[in-house]
Amino acid sequence: MATVPTSSGDARAPWLTPTRRRTLWAYAFVSIPLIGMLIFFVGPILFSGWVSLHDWNMITPVNEMRWRGLDNYTHLLTVDEVFPKALMNTFIFAIGGVTANVVLGLGFALLLNQRIRFLTIWRVLYFLPVMTAPLALGVLFGFLFNRNYGLINNVLVSLGIQRQPFLASPDQAMMVLIFIAIYQYVGYYIVIYLAGLQGIPQDYYDAASVDGANRWQSFRFITFPLLRPVTLFVLVTNTIGALQVFDLVFATTGGGPANRTMTVVLYMYNTAFKFSRMGRASAMAFILFAIILVVTIVQLRLMRDRTAR
Amino acid sequence: MIAHGHSPLYYVGKLLTYALLAAGAFMMVLPFLWMVNASLMSAGEIQAQPPVWFPAEPRFSNYSRLLDVMPLPTLYGNSLFVTSATTAGVLLTSSLAGYAFAKYEFPGKSLLFMAILATMMVPAFVTLIPVFFVVRQFGWINTYQGLIVPGMISAYGIFLMRQFISTLPDELLDAARIDGASEPRIYVAIVLPLIAPALATLGTFTFIGSWNAFLWPLLIINDRALQTLPLGLNNLRTFAAEARNLDLLMAGTTLSVLPSLILFIFLQRYFIRGIALTGLKG
């Protein structure tokens, strides 16, 4: 860009050219977000990694933390009795909820994608639970599934079926939590799959039907492959989200009975803020983070391979 | 799709479709309907066996009694203030940074943008403990800024804004520059109005996320005067653990849930568009 002549007629170009001026403004625009990122993301992540190698109760000064090397990690993975359970529970919760919702979400999106009347209303109704605080749904379902006075048990008794312990049962509690998660998030999957379906040109189906394809074949060879990016997206984002579950468990079972619904983030919360073991809790965060990264990469790989085939 | 015909089979299919949709939607709405319904029952009716489906007479007194145990005006006020401030902050920082990344050239630009994308990969629980520590060092425990400031920057928001602002034509900005507009003025007068739909989408998501947030407020707030709605609901949950307070629990849950549901019904097209946008670009 040419330098704009200054009115003073100075032969030397001024330092603050319009280009430089724009660059400075750009830095000004990104400065606040970047400083915020440093203080509330980047710094904390590095600090947390450092803490995970120590014993620390957050009260002793930072420079007097006791160095423990990888002890926190080895303890969690080999000695700790709860952490492996919490990992397992978290995975069962995530896989159960996400798998069911991919099927249900796609199913209902297919139903909604056939020139249905009142599409907006259907979408709103299915989406309501997505908007609701997980804590509030936990409270509501905690009552509905209560073993003594919950509505569901009262209905079961009316139907001549025995009362079920549900959330109080080591065997049923996790299933109930997965059910609540399915209920809460199915609308999200429906909306996202519906958007994906609406993006597939009608021509493809017309061409297929000229070639004599039936409905199942159209679905199998057109719809499903073209929805792969959408499926990949919901799988990755929702698995990551589900692995972080906290509010719902906190409000319903508190991790019980017998740690059968203890999840990683809840265990981390207890370890850090009830027992003041910041190093141990930070190590948990990093182990789950590493697993999430691996899961994400595997999901991306799997989907890409299939797309290439 | 295949046959446009109106054979009997076609109508059976349609009927089946609507029946399935209605059954699903009924399942979705039933817990909410029951909750509102139960909030007008007596505690005895709520747990009656066999179940009572409607209150003998609606007991609106549940709500006035709720006010004695749940400081609703304070909770609503705090939630509204914290959520609005957080949302405004996210919109401002995201649009500023997104604008810079989309429309300016500066040394280190792509590196910084990559760094921001990388932080999107980091789940919130990884930074929970250290951010708590940072906020405590700042002396922000039991303060509004402790609730608001850490949530004011969103990597996802910056990314979304950059993608959206990239689609604006450069000529528009250059024309304004020729007319002598300063860079901040271009941002305020030209960029912001043009990205209003994207701001609405990001704003609604941020608002709901912040409104429903529980874990972070639980960590840093124990002063009753600063509690947000989810914290109030959590208190009510422990208070109403006994069956005889179920009527209050249902009334409190109803009042906690209602604002976000009403907001959603009015703003639903921004949500739907936002989800479609992120999902399909993803």
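Predicted model: local features only at pLDDT ≥ 70, side-chain atom pairs only at ≥ 80, totals over all residues.
**Pro50(B) has its place in the loop between α2 (43-46) and α3 (61-69) of chain B.** The peptide bond that joins Gln49(B) and Pro50(B) is cis, with omega about 0 degrees. Residues are numbered from 1 along each chain as its sequence is written, while chains are lettered from A and ligands numbered from 1 in the order in which they are written.

**A cis peptide bond is also found in chain A, from Gly256(A) to Pro257(A).** Omega is near -10 degrees for this bond. To find it, look in the loop between α11 (247-252) and α12 (264-273) of chain A, where Pro257(A) is placed.

**Phe118(A) has a positive phi although it is a residue other than glycine.** The value is near 55 degrees. Phe118(A) lies in the loop between α3 (82-112) and α4 (119-131) of chain A. With 11 other C-beta atoms within 10 Å, Phe118(A) is exposed. The burial classes count other C-beta atoms, placed from the backbone, within 10 Å of a residue's own: 20 or more is buried, 12 or fewer is exposed, and in between is partly exposed.

**Phe166(A), not a glycine, takes a positive phi of about 45 degrees.** The loop between α6 and α7 (173-198) of chain A holds this residue. Is Phe166(A) buried or exposed? Phe166(A) counts as buried, because it has 22 C-beta neighbours inside 10 Å.

**Helix α6 of chain A (residues 151-158) has Leu151(A), Asn153(A) and Asn154(A) buried.** Seen down the axis of α6(A), the buried residues fall within an arc of 165 degrees, so they line one face of the helix. That arc is taken over the directions from the helix axis to the C-beta atoms. The partners of these buried residues are α5 (134-144) of chain A together with α1 of chain B. Just after α6(A), Gly160(A) takes a positive phi of about 85 degrees.

**Helix α1 of chain A (residues 18-51) packs with α6(B) at an angle of about 105 degrees.** Their axes are 8 Å apart; the axes are lines fitted to C-alpha atoms, for helices over the stretch in contact, and angles run from 0 to 180 degrees between N-to-C directions. The two helices, α1(A) and α6(B), are therefore roughly perpendicular to each other. Angles under 35 degrees would count as roughly parallel, over 145 as roughly antiparallel, 65 to 115 as roughly perpendicular and the rest as oblique. From α1(A), Ile39(A), Phe40(A), Phe41(A), Pro44(A), Ile45(A), Phe47(A), Ser48(A) and Val51(A) make the contact. They meet Val126(B), Thr127(B), Ile129(B), Pro130(B), Val131(B) and Val134(B) of α6(B). By class, the contact has 12 nonpolar, 2 polar and no charged residues. Here Ala, Val, Leu, Ile, Met, Phe, Trp, Tyr, Cys and Pro count as nonpolar, Asp, Glu, Lys and Arg as charged, and the others, Gly among them, as polar.

**The contact between the chains takes 72 residues from chain A and 69 residues from chain B.** Two residues are in contact if their C-beta atoms, placed from the backbone, lie within 7 Å. On the side of chain B that touches chain A, the helices supplying at least two residues each include α1 (8-38), α4 (72-103), α6 (124-137) and α11 (196-212). Which helix gives the most to this side of chain B? The answer is α14(B), with 15 residues. The residues of this side divide into 52 nonpolar, 15 polar and 2 charged.

**Stepping back, chain B has 14 helices and 0 strands.** Its radius of gyration is 24 Å, well over the 19 Å that the globule rule gives for 282 residues, so chain B is more spread out than a compact globule. The radius is taken over C-alpha atoms, and the rule is 2.2 Å times the number of residues to the power 0.38. Buried residues make up 41% of chain B.

**Chain A has 13 helices and 2 strands.** The C-alpha atoms of chain A fill a box of roughly 95 × 70 × 40 Å along the principal axes, and 39% of its residues count as buried.

Definitions and conventions
Helix = DSSP H or I, 4+ residues; strand = E, 2+ residues; numbered from the N terminus.
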